Amino acid sequence: MSFSVIKGTGYVLVHTPDMIMHNGTTQTTERHVNPDSDYLKKVPSHLRSYDEVVSYPANQTYIGNMTPEELRGYKLPWFDKKVDNADRYGKFGEIMPQDEFLGLMKIVDVFDLVLLENSFTDDVRGKLVKHPLITDELINKLKAGEEKATIEKEINENHAEALYNNGEIIGCVKRAHDIDTNLNAHVILENLVVKASGVLSMLNLLNKNEINPEDIDYVVECSEEACGDMNQRGGGNFAKAIAEVAGCVNATGSDTRGFCAAPTHALIEAAALVQSGVYDNVVIVAGGATAKLGMNGKDHVKKDMPILEDVLGGFAILISKNDGVNPIIRTDLVGRHTVGTGSSPQAVITSLITNPLDKGDLKITDIDKYSVEMQNPDITKPAGAGDVPTSNYKMIAALGVKRKELEKKDLMNFVNDHGIPGWAPTQGHIPSGVPYVGFARDEMLDGNMNKAMIVGKGSLFLGRMTNLFDGVSVVIEKNSGTVDEKSSVSEEQIRGMVAEAMKDFAAHLLK
């Protein structure tokens, strides 16, 4: 079996402090329920600057300037720590400031729904011209700005959603239909954010890995938003919209949704599409979610710390045919939380971890690193959710002890040796296993690792359609260097088989 490979990755963050207040559901709900709340008054004094966001250890890890092992060297909490000489650009991607991102939202807007004020447009155009990935073709889509009076009229009279920078209105997103709630300004803004951050992720993937966008055949978008109208509210297609802007002219695509587990679902789907021969190069991509900005802000403010959920997350991963070099995706070692699995921790870990390992006659300790729910504990611990990755590693280790593959005294050693600290922003789908794919690929290419497991989990019950939990996992493995061609038959072999069949047929006639 010739498995598909991971040929490249891209990871981006976007600092969006004004969107915390105006688009994050914790804050917008608070404004609706209690507009004079002390919490809302305190938010502005708990926002980080762009430089603070760039120098934050977890963010430097996300874009590849630090390894997870180097991050572990920083003692929690991390928010009061600073990485010296931190760079906006990293090995895997970048951290974009809010003003440039608002300009990018206008660039990806093909229905003229984003209005930006004149002077802001001129200012941000000057910045984006210098961006290494924003081509002249894209810059030309950043059209002339609007008068402030025009923007204010859209907001006050036509239900447009205001866009802010440094606390001031600099633009708006118009509604796309007068009565369709699925095309109102709020939803359009959320969807344009997904598209723009997805495009930025795709551009970084293509650039960092020297990939020709015309070589991409298919795109799977796996964020948590859905675009459509009143007749098909989740009809899609973010994937093709992102591919269009990124110049992937030979690609088609579709969207995959599965709450937080979607990226791992998408990774498996992409691997299967390539392995089956349907497509040669498939990209999985996801943009960020404005709704989850400042989601745990009340707990952060209460503990007198900055609101750490101040970035949108995005990623893109290229899956291609086996080249004998890049890490393979073991589609024969897939874990599934099935309908009948149940929700107990042991049942979940068994279905996602040990069941696929048993298929390959592997022990829990045969996996060098597990990438589970990679939420940043700096964010989750103050909110009472604890250190999510560490909790997962302890459960895996406990199952290893039960299976007699690990001594009880070595439980914490397992956590340190086979686990990694969480560094991903709580953007829902973003932490779900995939943040480690870039590092795992590097480690395997360097010969420092043999196997890693990517685990995604999802909360399907949030949709109020089922009480079920969800999850999938897959093993990725260092390439042996041998590309299995047994599954393919050469033209010469076909001619030989036909000749043999004709010879047998002729012999039968002569009898």
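## What "buried" means here

A residue counts as buried when its relative accessible area is under 20%, and as exposed when that area is over 50%. Keep that in mind while looking around this model, which is a predicted one. Take phenylalanine 414: its relative accessibility is 2%, so this residue counts as buried.

## Rings that meet

Let's start with the aromatic side chains, which make 8 aromatic pairs. One of these joins tyrosine 11 and tyrosine 62, arranged edge-to-face with 5.4 Å from centre to centre and 80° between the planes. Tyrosine 11 belongs to strand β1 (residues 5-15) while tyrosine 62 sits in helix α5 (residues 57-62), so this pair ties together parts that lie 51 residues apart in sequence. Both tyrosine 11 and tyrosine 62 are buried.

Phenylalanine 414 has a ring partner too: tyrosine 370. Their pair is tilted, with the planes at 45° and the centres 6.0 Å apart.

## A cluster, and a charge over a ring

Tyr11 and Tyr62 turn up again in one aromatic cluster, along with Phe92, Trp423, Tyr436 and Phe439.

The charged end of arginine 48 sits over the ring of tyrosine 56, at 4.4 Å from the ring's centre.

Is cysteine 227 buried or exposed? With 16% relative accessibility, cysteine 227 counts as buried. Cysteine 172 is also buried, at 0% relative accessibility.

## A histidine in a loop

Now for a residue in the open. Histidine 159 is found in the loop between α10 (148-157) and β4 (161-165). Its relative accessible area is 57%, so histidine 159 is exposed.

What does histidine 159 touch, leaving out residues up to four places away in sequence? Its contacts are Glu154, Arg175 and Ala185. As for histidine 186, the two histidines are 27 residues apart in sequence, with 9.1 Å between the C-alpha atoms of histidine 159 and histidine 186.

Terms used: Residues are numbered from 1 along each chain as its sequence is written. This is a predicted model: local features need pLDDT of at least 70, side-chain atom pairs count only at pLDDT 80 or more; totals for chains, interfaces and linings use all residues. Side-chain values use heavy atoms; hydrogens and water are left out. Rings of Phe, Tyr and Trp (its six-membered ring) pair if their centres lie within 6.5 Å; planes under 30 degrees apart count as stacked, over 60 as edge-to-face and the rest as tilted. Helices (H or I, at least four residues) and strands (E, at least two) are DSSP runs, numbered from the N terminus. Buried means under 20% relative accessible area, exposed over 50%, partly exposed in between (1.4 Å probe, protein chains only). A charge sits over a ring if NZ of Lys or CZ of Arg is within 6 Å of the ring centre and within 35 degrees of the ring normal. Contact means heavy atoms within 4.5 Å.
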